[in-house]
Amino acid sequence: MANFRNPRANRPHLRTVSITGVGSYLPARVLANAELEKMVETTDDWITTRTGIKERRLAAADEATSDLAVAAARRALTNAGVTAEQLDLIIVATITPDMLFPSTACLVQHKLGATRAAAFDIEAACSGFVYALDIASHFVASHTYNTVLVIGAEKMSSVIDWTDRNTCVLFGDGAGAAVLQNRPNAHGLLTTCLGSDGGKAGLLELPGGGSACPATIDSVTQKLHFLRMDGKETFKNAVNAMVAAANEALNRCGVTVADVKCIIPHQANQRIMSAVAERLAAREDQIFCNVDRYGNTSAASVAIALDEAVAGGRIIRGDLVLLVVFGAGLTWGAALIEW
Ligand code: UT7
């Protein structure tokens, strides 16, 4: 087991915060690269070599983000041994809410029957799950709440222009969830490092439908309700920000990358993950990847990966786990956890 410094330990009035259960849900429909070849001018070879993605999942027409979130949440609650009635707070990280308001978290609260829970959404794009973990951890650490449910959930297929080969091959739908509680005699979440740069908001955006550009016939014609991305610039920023956030988290806890059992990067692109691993001097077997099966599921990405890593035995109690994320905003973050 690694020796580490717990930055929260010198604040004895705060409780430690552990993830006591995780769960995920992927919709059944698989969209393989071969099918995309029939939809836009692309090839399985281009998608595989440029992104590492082989297939992604698509939610059904009658499945909204809240439905994906609820399915993942039920599994996380079961794994944590917690009932919906015990929840004090639900935070949903998403950029594809069921609607502009009310929040998806409120819809999830009702569908779960979490009658005691407060509920709200946060929006930090693909970094959303780590942002939400950070927010949730403060409520538990400060004794405000005992049991908090954090969910990353996205129906990215609802904001994709299926005629744009630059973006439609990249994204997928899914959800992942985690229950946060104080577990006595455990360190749990050691530190979280968050960052943002709104000066680069235009690199990755969905411009239509908000107060700056409300929905009109014109906005629909101009395709302003679909995601747009400058892929190359986003790529460069992603690598730099993820490496910096990861190093900051490791330094704060006095550990090196070799002490970490499992690194879970945001699953946007295999080449981004390889570049981050190389710059951190991490071994291949430390990096968890499932981008080949699900593509980029935005806020759900590291939550789904965390659940799969735990279920597959890649992470056991006492291991150090590093989540590192990047997304629109721009936003980025890292979380170092003693499992
Ligand atoms: O989750 C939030 C953060 N998101 C990311 O981190 C994504 C970051 N960006 C990326 O992952 C990559 O930049 C992409 C996968 C989006 C693109 O890879 P790239 O190596 O940067 O390719 P490119 O944008 O430079 O495009 C190269 C060529 C272009 O053709 P020309 O202009 O060189 O003739 C594109 O038109 O590839 C073309 N292209 C495609 N060709 C076949 C773009 N998309 C496709 C496609 N199939 N699907």
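The legends below describe close-up views of a predicted model. Local features are given only at pLDDT of at least 70 and side-chain atom pairs only at pLDDT 80 or more, while totals for chains, interfaces and linings use all residues. Residues are numbered from 1 along each chain as its sequence is written, and side-chain values use heavy atoms, with hydrogens and water left out.

View 1. Thr 51 belongs to helix α2, residues 44-51; helices (H or I, at least four residues) and strands (E, at least two) are DSSP runs numbered from the N terminus. With a relative accessible area of 2%, Thr 51 is buried (buried means under 20% relative accessible area, exposed over 50%, partly exposed in between; 1.4 Å probe, protein chains only). Leaving aside residues up to four places away in sequence, Thr 51 touches Trp 46, Leu 170, Asn 269, Gln 270 and Val 291, where contact means heavy atoms within 4.5 Å. A polar atom of the Thr 51 side chain lies 3.0 Å from the backbone nitrogen of Ile 53.

**View 2. Helix α11 and its packing.** Helix α11 spans residues 301-311, and nine of its 11 residues are buried. Among them are Val 302, Ile 304, Leu 306, Asp 307 and Glu 308. The buried residues of α11 pack against elements including β1 (18-25), α5 (128-141), β11 (262-265) and β12 (320-327). Just after α11, Gly 313 has a positive phi of about 80 degrees.

**View 3. Contact between domain 1 and domain 2.** The domain assignment, automatic or from a database, gives domain 1 (18-181) and domain 2 (189-338). Their contact takes 46 residues from domain 1 and 44 residues from domain 2. About 3500 Å² is buried between the two domains, 65% of it on carbon and sulfur atoms; buried area is the accessible area (1.4 Å probe) that two parts lose on being put together, summed over both. On the domain 1 side, Cys 126, Val 130 and Tyr 131 lose the most area to domain 2, together 18% of what that side buries.

View 4. Between domain 1 and domain 2 the count is one salt bridge, defined as a side-chain nitrogen of Lys or Arg within 4 Å of a carboxyl oxygen of Asp or Glu. The side chains of Asp 161 and Lys 223 form a salt bridge, at 3.2 Å from N to O.

Terms used: Polar contact = N/O pair within 3.5 Å; in protein donor to acceptor, adjacent residues only side chain to side chain.
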